[in-house]
Amino acid sequence: WKAGEMYLLITQDGTVEYKRLKGGSKTSITGPLRGFEGNNFSVGLPLLSTTFVVSRPPYKESNRWKMIVDGVELTKAG
């Protein structure tokens with residue numbers, strides 16, 4: 001999943017890779033998928049994790065899969 005300032009990869013084995021450029025700073029996270037809470041999902045270790053807010057789960061628009069995570073519309077790559 002990607003947008004101009006954000007990249008999100010969720011692999012079949014449950015690894016998540018996230019990169020985002022916002023306001024001149026770069027954030028990146030790589031870690032295990034911890035679980036889902038409704039549409040949202042958590043990534044990381046027990047004391048060091050983050051929750052991604054999915055305000056719109058995957059949907060198809062103009063033959064492309066999209067979703068909105070942390071306020072950013074992402075398009076499925078490939």
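Predicted model: local features only at pLDDT ≥ 70, side-chain atom pairs only at ≥ 80, totals over all residues.
User: What makes up the secondary structure of the chain?
Analyst: The chain has nine strands and zero helices.

User: Why is the chain called as compact as a globular protein of its length?
Analyst: Its radius of gyration is 12 Å, and the globule rule gives 12 Å for 78 residues, so the chain is as compact as a globular protein of that length. Buried residues make up 27% of the 78.

User: How many aromatic pairs are there, and which residues do ring pairs link into a cluster?
Analyst: A search of the whole structure finds three aromatic pairs. Ring pairs join Tyr 18, Phe 36, Phe 41 and Phe 52 into a cluster.

User: Why is the pair of Phe 36 and Phe 41 called tilted?
Analyst: The ring centres lie 6.2 Å apart, and pairing needs them within 6.5 Å. The planes stand at 55°. Stacked needs under 30 degrees and edge-to-face over 60, so this pair is tilted.

User: Is Phe 36 buried or exposed, and how do you know?
Analyst: Phe 36 has 55% relative accessibility. Exposed means over 50%, so Phe 36 counts as exposed.

User: What about Phe 41: buried or exposed?
Analyst: Phe 41 has a relative accessible area of 3%. The cut-off for buried is under 20%, so Phe 41 is buried. Phe 52 is buried too.

User: What makes the pair of Phe 41 and Phe 52 stacked?
Analyst: Their planes are at 20°, and under 30 degrees counts as stacked. The ring centres are 5.0 Å apart.

User: Which parts does this pair of Phe 41 and Phe 52 tie together?
Analyst: Phe 41 lies in strand β5 (residues 40–45) and Phe 52 in strand β6 (residues 48–52), so the pair ties together parts eleven residues apart in sequence.

Terms used. Residues numbered from 1 in each chain as written. Heavy atoms only, no water. Helix = DSSP H or I, 4+ residues; strand = E, 2+ residues; numbered from the N terminus. Rg over C-alpha atoms; globule rule 2.2 N^0.38 Å. Buried < 20%, exposed > 50% of the residue type's maximum accessible area, 1.4 Å probe, protein only. Phe/Tyr/Trp six-rings, centres within 6.5 Å; stacked < 30°, edge-to-face > 60°.
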